[in-house]
Amino acid sequence: MDRDRILVALRGFFAARDGGAMVAAYAALAQADPTGEATRADAPAADDLECDFNRLFVGPGKVAAPPYASVYLDSDHRLMGDATRRAAAIYDAIGLSSPLPGSLPDDHLALELDAVLAFRALLVRGASAELAALWRYFLHDHLAVWVPRFAAAVRRAEPVSPAIVRVVALLSAWLDEETGETASVAGQQGGAACPR
Amino acid sequence: MPTMTRRHIERMLDSAVSRRSFLGGLMAGGAMAALPNGLLTPAQAETTRQVWEGGYQTFRNACPRNCYDTCSIVTYVKDGVVKFIEGAPESSFTRGGLCVKGNSYVRRAYSPDRIKYPMEQQGRGSGRWKRLTWDEAMDKIAKKILSIKERDGSLLGLALTKYSGNFGITNYGIEGMMSSLGYTTRLVGTPCWPAGIDAQSFDMGSMWCNDPEDLPQARYVLLWGVNPAWCSIHTVKYLYAARDAGAKLVVIDPVFTQTAAKADEYLQIRTGEDCALGLGMARHILDKGLHDAAWLAEHALGFDEFAAYLRENITVEWAAQKSGVPAERIRAIAEEFAGAKPATIWIGYGMQRHVNGGAAVRILDALVAMTGNVGKAGGGARYGHLQTWAFNYHAMLQKPPAGSKGWVGTSGPKGEFDFAAADSGAASGGVKYSDRALNINKTAQEILDAKDPAVRMLWVACKNVFSQDFDRAKMLKAFEKLEMVVVAEDFFNQTVEQADIVLPITSIFEDWTINASYWHYWLSINEQAVKPLHEAKSDLQIAAALSKRMNELSPGSCTFATELDSKEWMIREFNKGIYDQFGLSSWEDLRKGPAKAKLVSSASFSDGKFATPSKKYEFRSELCAKYGHDALPRYKEGRAPYDKLRLLTPHHKFAIHSQFQNLDWMADFCPAPSVYIHPKTAAARGIRDGETVRVFNKQGEVRLAAKVTANVPPDALLLYEAWFKGLAYNVQNLVDDTSADMGSFKTGAPGVAIHDQFADVARA
């Protein structure tokens with residue numbers, strides 16, 4: 001599994017604002033998919049994919065699976081919460097910031113996947129203990145806590161188009177691989193424990 | 001380095017200084033700038049850092065949702081995010097507290113379900129939505145407007161319906177946007193309070209209530225068809241203060257409300273028979289000689305004729321038979337009311353939503369006047385006021401483009417807040433054009449009937465048509481006639497379901513405006529506390545965006561500013577009159593907290609001067625007669641029943657009309673609607689508490705759970721009007737668009753007989 005290619009495609013998918021971008025991201029994902037399942041799925045029609053994507057992640061109706069960490073991590077289950085602030089702080093610590101501060105919540109899935117790519121690039125250049133610890137924290141105590149809940153929300157929102165089911169399955173598969181390889185912060189003190 | 005615990009990491013992350021130094025030299029010089037195609041951008045300048053680590057920034061806001069209380073709010077912001085809000089302590093009315101709805105504002109702004117982007121539906125009602133950029137949305141809308149103008153030669157095919165979903169002064173910029181485009185069609189009038197406004201205007205020259213903060217001076221309070229325990233919680237403290245000082249609180253209502261439960265006495269009146277009860281009391285006061293002959297001689301016109309009418313036509317027994325209130329209680333309450341000085345009546349809005357509602361308000365006014373309680377602190381016929389609304393309406397008052405064609409003839413006011421009603425019609429080739437006025441209370445019928453030209457496009461702002469306008473089935477038909485529907489909203493309600501394009505609207509925290517009250521006398525500024533979330537824009541900014549695109553496509557086609565600073569436009573709404581009235585040296589004083597109008601007296605009409613033709617209180621109003629009503633406050637029959645039971649659809653405590661009930665906090669307490677049925681009525685139909693029933697009439701039906709309770713009278717069904725997220729529930733399935741008696745004098749269209757509705761119920 002070419003993890004960076006998968007991550008780039010996942011990031012592109014969740015950042016997409018129209019069907020064309022979604023189809024393109026899905027195609028890139030299919031190419032990078034080690035199982036080949038995504039390629040076997042029928043190529044999604046851009047219109048259908050876009051409308052389904054909006055129903056699940058954007059609106060204007062009740063959003064079935066909001067792609068924001070705070071909805072799953074904060075007891076308030078709303079946007080711009082503690083988890084949003086935490087995500088922004090993690091980006092800040094590695095020298096990054098939201099392109100739309102204050103209007104796009106920092107913990108949107110696409111931004112978090114972008115941060116994952118940034119961490120991976122930094123770690124390749126050489127991991128200090130601090131960087132490794134921060135990465136483990138972001139992965140195990142943040143992403144690995146909310147992304148499975150998000151994926152479950154998508155699965156509950158039936159019927160979901162096969163392409164989105166596959167995208168979320170690849171997201172989950174990446175997360176499982178990544179967490180399986182990396183020890184969590186301070187062993188059992190971190191891990192799957194919910195920060196809240 | 002020792003093993004780092006999660007707590008270490010989180011502590012580091014919470015401090016800007018430590019997180020910036022955590023990775024040491026690695027991050028110096030923007031190491032991340034080299035990453036290709038990323039979304040996140042390098043954090044460079046100090047200003048991009050989160051600087052708030054301790055205290056909060058505070059901002060001034062206000063609740064703009066058409067509520068008596070219009071609470072002044074203090075908003076606490078950290079890192080560009082609203083953390084919590086409180087009632088402003090400076091306002092003696094709000095006194096540091098908010099209601100359950102107000103306290104939910106932070107959740108409202110940050111709800112994951114808030115509408116985030118301009119979106120277009122692929123077929124109305126399909127639920128298939130695509131995102132648009134603001135440029136794309138404005139382009140589609142502007143092209144449609146230009147095509148209408150080309151087809152019809154005017155913009156009368158473009159209609160605006162806007163009301164009280166947000167009562168901010170700069171929200172009138174959406175009316176301004178329409179005027180800037182040309183002469184358009186306006187849904188005019190108000191479903192809220194027009195019959196009562198006209199009634200008080202006929203009697204006293206204007207609707208003008210005492211300061212509610214003088215209620216503690218009252219020695220007797222009749223709460224007539226009003227439920228402040230739910231609908232004006234901040235007034236309740238003044239009612240209690242009055243009682244502590246010896247006043248008696250009497251509630252007159254068909255429903256045993258939470259206010260009734262707290263009163264000293266509750267009279268269950270037959271719905272719509274307020275005229276009879278009021279006249280019965282008046283007759284008894286007259287018989288006992290308890291009227292204030294001296295005040296009447298000096299300040300009133302036509303009292304003798306009213307007295308003669310009472311003597312010849314009204315008896316207490318008749319009033320008792322009509323109203324269902326025992327004659328003995330009518331006499332007792334009348335004597336107590338007339339004997340207490342001062343005594344006051346708070347006239348609710350529900351009681352004038354009847355075919356005889358304006359007549360009823362005139363009769364209650366008469367009770368207050370004949371006992372000499374008008375113009376007295378602690379007295380008065382309290383209904384509402386517009387004394388503190390004399391802003392410039394700079395955003396609203398815009399000129400049409402040169403050469404615009406419109407409706408031929410004069411137009412009336414465009415609602416009670418149209419302070420420029422006289423300024424309509426512009427000369428163009430000798431013809432005077434104006435906007436086309438359609439009755440907002442018959443929106444569906446008016447859209448169906450409009451021709452030459454038809455209404456082709458509807459713009460909906462500050463309003464939820466499918467929840468607040470009448471006869472839902474007819475509204476769906478009317479929408480079929482519309483070629484384009486644009487809705488500016490913050491949540492996906494039943495009107496957005498029927499929209500072609502939805503535009504995300506800002507929360508109260510995200511743009512500037514001003515908020516006045518129609519009940520108390522405080523004025524609040526609404527500051528921008530945070531950036532608009534996602535891509536939301538205010539009505540004012542939407543108007544500018546549309547004007548920009550209109551002028552790009554067709555230069556000169558819209559006179560509205562194409563770019564504007566909302567704060568600057570808010571400042572332009574102030575004038576010397578407002579500054580003097582509130583004792584302000586500048587609008588900036590309001591950043592320190594809300595201000596209260598400097599009142600000569602807490603009482604309205606304290607100088608005994610009335611703006612009626614005679615300058616007196618008019619028991620006999622020729623103006624009223626001119627508008628087709630009785631000159632005297634006489635009995636007027638209610639609407640004949642068209643089904644077995646009366647149908648009441650008042651406000652719920654968790655909602656203001658269709659707002660707030662959709663939020664999760666409200667849903668926790670009230671997840672689903674119910675119909676409230678008296679035990680006798682339920683038993684006669686074999687209905688048990690909690691089971692699903694069908695409420696139906698000639699308009700349609702609603703299915704919901706039955707709540708069996710003696711709090712409602714046996715002859716009535718009660719369903720609270722509200723929009724529940726994700727539920728099809730809608731009381732407008734059952735309410736028709738029959739007009740109330742009054743409203744066209746001051747608001748451009750008669751009110752609507754919301755509570756003169758009938759239905760039956762059966763097990764589903």
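In the predicted model, strand β1 (residues 96-97) of chain A pairs with β1(B) in the antiparallel sense, over 2 bridges. Within this pairing, A:S97 lies opposite B:T41 of β1(B).

The contact between the two chains involves 59 residues of chain B and 67 residues of chain A. About 5,600 Å² is buried between chain B and chain A, with carbon and sulfur atoms giving 60% of this area. B:R6, B:L39 and B:L40 contribute 14% of the area that chain B buries against chain A, more than any other three residues.

Between chain B and chain A, 10 salt bridges are counted. One of these joins the side chains of A:D76 and B:R107, at 4.0 Å from N to O. Polar contacts across the interface of chain B and chain A amount to 20 residue pairs, with both residues at pLDDT 80 or more. On the side of chain B that touches chain A, two or more residues each come from α1 (6-13), α2 (16-22), β1 (41-42), β4 (81-87), α3 (105-109) and β6 (129-131). The largest share, 5 residues, is given by α1(B). By residue class, this side of chain B comprises 32 nonpolar, 10 polar and 17 charged residues.

Helix α6 (residues 194-204) of chain B is mostly covered, with 11 of its 11 residues buried. Among them are the charged residues B:D198 and B:D203. The buried residues of α6(B) pack against β13 (343-347), α15 (357-370), β14 (381-382), β25 (617-618), α23 (622-626) and α26 (744-747) of chain B. Just after α6(B), B:G205 adopts a positive phi of about 95°.

Definitions and conventions: Residues are numbered from 1 along each chain as its sequence is written. Chains are lettered from A and ligands numbered from 1 in the order in which they are written. This is a predicted model: local features need pLDDT of at least 70, side-chain atom pairs count only at pLDDT 80 or more; totals for chains, interfaces and linings use all residues. Side-chain values use heavy atoms; hydrogens and water are left out. Buried means under 20% relative accessible area, exposed over 50%, partly exposed in between (1.4 Å probe, protein chains only). Helices (H or I, at least four residues) and strands (E, at least two) are DSSP runs, numbered from the N terminus. Contact means heavy atoms within 4.5 Å. Buried area is the accessible area (1.4 Å probe) that two parts lose on being put together, summed over both. A polar contact is a pair of N or O atoms within 3.5 Å; within protein, one must be able to donate a hydrogen and the other to accept it, and residues adjacent in sequence count only if both atoms are side-chain atoms. Two strands pair if DSSP finds at least two bridges between them.
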